[in-house]
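Visitor: Could we go through this structure together? I would like to begin with a side-chain contact.

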Amino acid sequence: MANVVELKVGMHCDQCIKKIMKAIKKIDDIETYDLNIELNKITVTGNVTSEEVIKALQKIGKTASNWEESSNSGDGTH
C-alpha cells in the first residue's frame, strides 16, 4: 500500500530544486513525487515514510518538516 508523504522544504532557486528532485529519485519504492514551488511543498507517494524522505533531503543539506506540523505552527511565515 502506498503512503503519501507531504513535507515542507525551502525551494529558493533552480539549483535547490534540481538537488531535491535528484535526492527524491534515489529513494527506493517511490511511485510519484510532486514539487509545489509556490508552497515549498513536496508530495511523495510510494512505500516510503516521511523519515526516509527527510533523511534523503538532509543528506543534501535541506531541512524538511512534516506538512501538517509546519502549516499549523502559526509562526507567521509563508
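Visitor: With which side chain does the side chain of Lys 41 make a polar contact?

Guide: The partner is the side chain of Glu 6, at 3.3 Å. A polar contact is a pair of N or O atoms within 3.5 Å; within protein, one must be able to donate a hydrogen and the other to accept it, and residues adjacent in sequence count only if both atoms are side-chain atoms. This is a predicted model, in which local features need pLDDT of at least 70 and side-chain atom pairs count only at pLDDT 80 or more, while totals for chains, interfaces and linings use all residues. Residues are numbered from 1 along each chain as its sequence is written, and side-chain values use heavy atoms, with hydrogens and water left out.

Visitor: How many salt bridges does the structure hold?

Guide: It holds one, formed by Glu 6 and Lys 41, whose closest N and O atoms are 3.3 Å apart. The term requires a side-chain nitrogen of Lys or Arg within 4 Å of a carboxyl oxygen of Asp or Glu.

Visitor: Which strands does that pair link?

Guide: Glu 6 is in strand E1 (residues 3-9) and Lys 41 in strand E3 (residues 41-46), 35 residues apart, so distant parts of the chain are linked. Strands (E, at least two residues) and helices (H or I, at least four) are DSSP runs, numbered from the N terminus.

Visitor: Is Lys 41 buried or exposed?

Guide: Lys 41 is buried, with a relative accessible area of 16%, whereas Glu 6 is partly exposed at 26%. Buried means under 20% relative accessible area, exposed over 50%, and partly exposed in between (1.4 Å probe, protein chains only).

Visitor: What else is Lys 41 in contact with?

Guide: Leaving aside neighbours within four places in sequence, its contacts (heavy atoms within 4.5 Å) include Leu 7, Met 11, Asp 34 and Trp 67.

Visitor: Turning to the largest nonpolar core, which residues touch the most other members?

Guide: Of its 17 residues, these are Leu 7, Ile 20, Ile 42, Val 53 and Leu 57. Such a core is a set of buried Ala, Val, Leu, Ile, Met, Phe, Trp, Tyr and Cys residues joined through side-chain atoms within 4.5 Å.

Visitor: Which element gives the most to this core?

Guide: Helix H2 does, with four residues. E1, helix H1 (14-25), E3 and H2 (50-59) each supply at least two.

Visitor: And where does Lys 26 lie?

Guide: Lys 26 lies in the loop between H1 and strand E2 (30-36) and counts as exposed at 63% relative accessibility.
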